[in-house]
Amino acid sequence: MLDRRTKEWRRRAELIALFTTAIGRDNVSAILAGQIEAAAELAVVAEMTRAAFMAGSGATADDVVRTANQAQRAEKALGIAARTKPQKPSLEAYLSGAAAA
């Protein structure tokens, strides 16, 4: 468990708030809250691994790739990208807009 006084813990809390806001606070069940926490923690671990690699303090490029992939999969499982993707206009709306222009 991370020490709550560290920058990593604060980053975890920041990511949890970010993911929760992106999903919508009213849509977060207890199970989804657990998934959000796991995704935030994996993102923090990936960031820590990347920092350790860049500092040359024991992490390998393989470690960076593996942790980044795990974090990305956890975030994708939350479905945030699908919720925030801008909607394309329907064909009818596109054609009527193109004809007006």
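**Note on the helical packing of a predicted model**

1. A51 is partly exposed, with a relative accessible area of 44%, where buried stands for under 20% relative accessible area, exposed for over 50% and partly exposed for what lies in between, with a 1.4 Å probe and protein chains only.

2. The model is predicted, with local features needing pLDDT of at least 70 and side-chain atom pairs counting only at pLDDT 80 or more, while totals for chains, interfaces and linings use all residues. Residues are numbered from 1 along each chain as its sequence is written, and side-chain values use heavy atoms, with hydrogens and water left out.

3. The protein chain holds five helices and zero strands, helices being DSSP runs of H or I with at least four residues and strands being runs of E with at least two, numbered from the N terminus. Along the sequence the pattern therefore reads α-α-α-α-α. Of the 101 residues in the protein chain, 25% count as buried. Among contacts with a separation of 6 or more, 55% are accounted for by residues 24 or more positions apart, contact meaning heavy atoms within 4.5 Å.

4. Helix α2 (residues 30–55) packs with helix α3 (residues 61–77) at an angle of about 160°, and their axes are 8 Å apart; axes are lines fitted to C-alpha atoms, for helices over the stretch in contact, and angles run from 0 to 180 degrees between N-to-C directions. The two helices, α2 and α3, are therefore roughly antiparallel to each other, given that angles over 145 degrees count as roughly antiparallel, under 35 as roughly parallel, 65 to 115 as roughly perpendicular and the rest as oblique. On the α2 side the contact is made by A39, L42, A43, V45, A46, T49, R50 and F53, and on the α3 side by A61, D63, V64, T67, A68, Q70, A71, A74 and E75. By class, the residues of the contact of α2 with α3 are eleven nonpolar, three polar and three charged, with Ala, Val, Leu, Ile, Met, Phe, Trp, Tyr, Cys and Pro counted as nonpolar, Asp, Glu, Lys and Arg as charged, and the others, Gly among them, as polar.

5. For α1 and α2 the packing angle is about 135°, with the axes 9 Å apart, and that makes α1 oblique to α2. The contact involves E8, R11, R12, L15, I16, F19, T20 and I23 of α1, together with L32, I36, E37, A39, A40, E41, A43, V44, E47 and M48 of α2. Here the contact of α1 with α2 has eleven nonpolar, one polar and six charged residues.

6. The largest nonpolar core has 13 residues, of which L15, F19, I23, I36 and L78 touch the most other members; such a core is a set of buried Ala, Val, Leu, Ile, Met, Phe, Trp, Tyr and Cys residues joined through side-chain atoms within 4.5 Å. Helices α1 (7–23) and α2 each supply at least two residues of this core, and its largest share, six residues, comes from α2.

7. T20, in helix α1, is buried, with a relative accessible area of 11%, and, leaving aside its neighbours within four places in sequence, T20 is in contact with R25, V28 and I36. A81, by contrast, lies in helix α4 (residues 80–84) and counts as exposed at 58% relative accessibility.
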